[in-house]
Amino acid sequence: MDRIDGVLGSLPGELYTSDPDVTARYLTDFRRFRTGATRAVLRPRTSAEVQRIVTLCAAHGVPLVPQGGNTSYCAAATPSASGEELVLSLERLNAIRAIDPGNLSLTAEAGCVLSVLQEAADGAGLMLPLDLGARQSCQIGGNLSTNAGGISVLKYGMARDLVLGLEAVLPDGQLLDVLQPLRKNNTGYDVKQVLLGAEGTLGVITAVSLKLARKPAQTVTAFLAIENIDALTDILARAQILTGENITSFEYISHHSLALLLAAQPGLRHPLETPSAHYVLMEAQSCSPVLALEGAVGQLLEELMGEGVVTDGTLAASAQQRDALWYLREHIPEAEVANGGSVKHDVSVPTSALPAFITRASVLVETQSDGGRLSIYGHVGDGNVHFNAVAPTGTAPATYKPWFEREVSPRIYDLAVDMGGSFGAEYGIGIIKLDLLDRYGDPAKRHMMRAIKAALDPANLMNPGKVVRA
């Protein structure tokens, strides 16, 4: 009997499936870059069952690949092609354990889909600030394992900033229980932070206590045409000041990105009469029913348009119009897919340097990429830009994309790092960005990561080959 048989033979049949028709959907990453193999997909229903699985795998030396909603852009939840790893799906750990409105907290299991948690918070008269385009399919455990960002980082921070407590199974099968939803708990190392952003390499997150926020009583959404990209950070600063730091989202959209989407979905309408090279989708929210938020945004637009900084703009007059504006922002990736997919660069720079980075990187591509089409969008408030390239019309993406990644992408990453930025803003490392981590990552940080991995997972059984090289 081999090692995997030793694990499966010790588990009840309802905790795993070996049916290839079922396991197939767990084996390919979200962007379809990699397809692995596995003998079985493990599907525990409780934290105790996760402990049992991890303990068995540790005893038999069987590697595990934790998987949530499988929405990683970096193949972080994809098993290797060897077939020697078992996939551990958290999808059945999907209970909401508690909502405490008085504590502004929610405790839920790792397999809960993000949109379900958002709805639960809404039902309690509150709001879960974490919000991503993949909200209907991503799971909170995966959001924490990759330290997801999203559209509300500007006001509420990354996923790790919303974590009050955590429950996880460590590589040796121990249950780490620091799940208390406390805002003050100064009792030694904040060990939960080690697991946040570790992409399942240091343990399996099974439950989390999250911060909630007051539900907005007012939401003001504006779509603006910007004359000069250099004005972006000044517009953001003025917006934050006039609204009393109530800007929750400040999203940049390039003309090229919007044009790709409108061409791919002809039924969509451009929200403005006057076209521009640069657009901003800005949203302000307040839980106060009396604060004059719309008046503050209106004054901002009046000033900016009077100065010629903003050349056109519209305010959403209804929830339907707001949804239509956000649809444009969130479906740009689909437009890239409709054009053969894109070479993605999820980079960040200091917020003050973002306009200059976009300008310089655009010139770099225009002079080096032989007609490549840019799709640029991102989160101005946290310095994160998705600087993507689509193959020229008439050029096969399968040929163009590898060439671009080899010849042009390194220059884009070099530029971001030279400007004090990072090659990885919110997608994580997974498998796809290991080489970039080797090239740009701080050597001392990589040393510490390897040391932590070796201390907690000396047999390298937790998601091997991801984030940290063996």
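**View 1. Helices α13 and α15 pack against each other in this predicted model.** The axes of α13 and α15 (residues 409-418) lie 10 Å apart, and the two helices pack at an angle of about 160°. Angles over 145 degrees count as roughly antiparallel, and that is why α13 is described as roughly antiparallel to α15. The crossing of α13 past α15 is right-handed. On the α13 side, look for Phe357, Arg360, Ala361, Leu364, Val365 and Gln368, which meet Arg411, Ile412, Leu415 and Ala416 of α15. Sorted by class, the residues of this contact are seven nonpolar, one polar and two charged.

**View 2. Here is helix α13 on its own, from residue 354 to residue 368.** Follow the chain past the helix and you come to Asp370, with a positive phi near 55°.

**View 3. Helices α8 and α10 cross in this close-up.** The axes of α8 (residues 232-242) and α10 (residues 293-306) come within 9 Å, and they cross at roughly 145°. As α8 passes α10, the crossing is right-handed. Four residues of α8 to find here are Ile235, Arg238, Ala239 and Leu242. Their partners in α10 are Ala296, Gln299, Leu300, Glu303 and Leu304. The residues of this contact divide into six nonpolar, one polar and two charged.

**View 4. Glu245 sits in the loop between α8 and β13 (247-254).** Its backbone is worth a look: phi of Glu245 is near 60°, a positive value in a residue other than glycine. Glu245 has a relative accessibility of 54%, and exposed means over 50%, so this residue counts as exposed.

**View 5. Asn70 is placed in the loop between β3 (64-67) and β4 (86-89).** Although Asn70 is not a glycine, its phi is positive, at about 60°. Is the residue buried or exposed? With 15% relative accessibility, Asn70 falls under the 20% cut-off and therefore counts as buried.

**View 6. Helix α3 covers residues 47-60.** Its 14 residues, at 1.5 Å each, should span 20 Å; the end C-alpha atoms of α3 are 20 Å apart, so the two values agree. Which residues of α3 are buried? They are Ser47, Glu49, Val50, Ile53, Val54, Leu56 and Cys57. Just after the helix comes Gly61, with a positive phi of about 70°.

**View 7. Pro181 belongs to the loop between β9 (175-178) and α7 (192-195).** Its relative accessibility is 27%, so Pro181 counts as partly exposed. Leaving aside neighbours within four places in sequence, you can find Pro181 in contact with Asn103, Ser105, Leu164 and Ser209. Thr107 also belongs in this view: Pro181 and Thr107 are 74 residues apart in sequence, while their C-alpha atoms are 7.8 Å apart in space.

Definitions and conventions: Residues numbered from 1 in each chain as written. Predicted model: local features only at pLDDT ≥ 70, side-chain atom pairs only at ≥ 80, totals over all residues. Heavy atoms only, no water. Expected span 1.5 Å × (residues − 1). Buried < 20%, exposed > 50% of the residue type's maximum accessible area, 1.4 Å probe, protein only. Axes fitted to C-alpha atoms, helices over the stretch in contact; angles between N-to-C directions. Parallel < 35°, antiparallel > 145°, perpendicular 65-115°, else oblique. Left-handed = near helix turned anticlockwise from the far one by under 90°. Contact = heavy atoms within 4.5 Å. Nonpolar A, V, L, I, M, F, W, Y, C, P; charged D, E, K, R; others polar.
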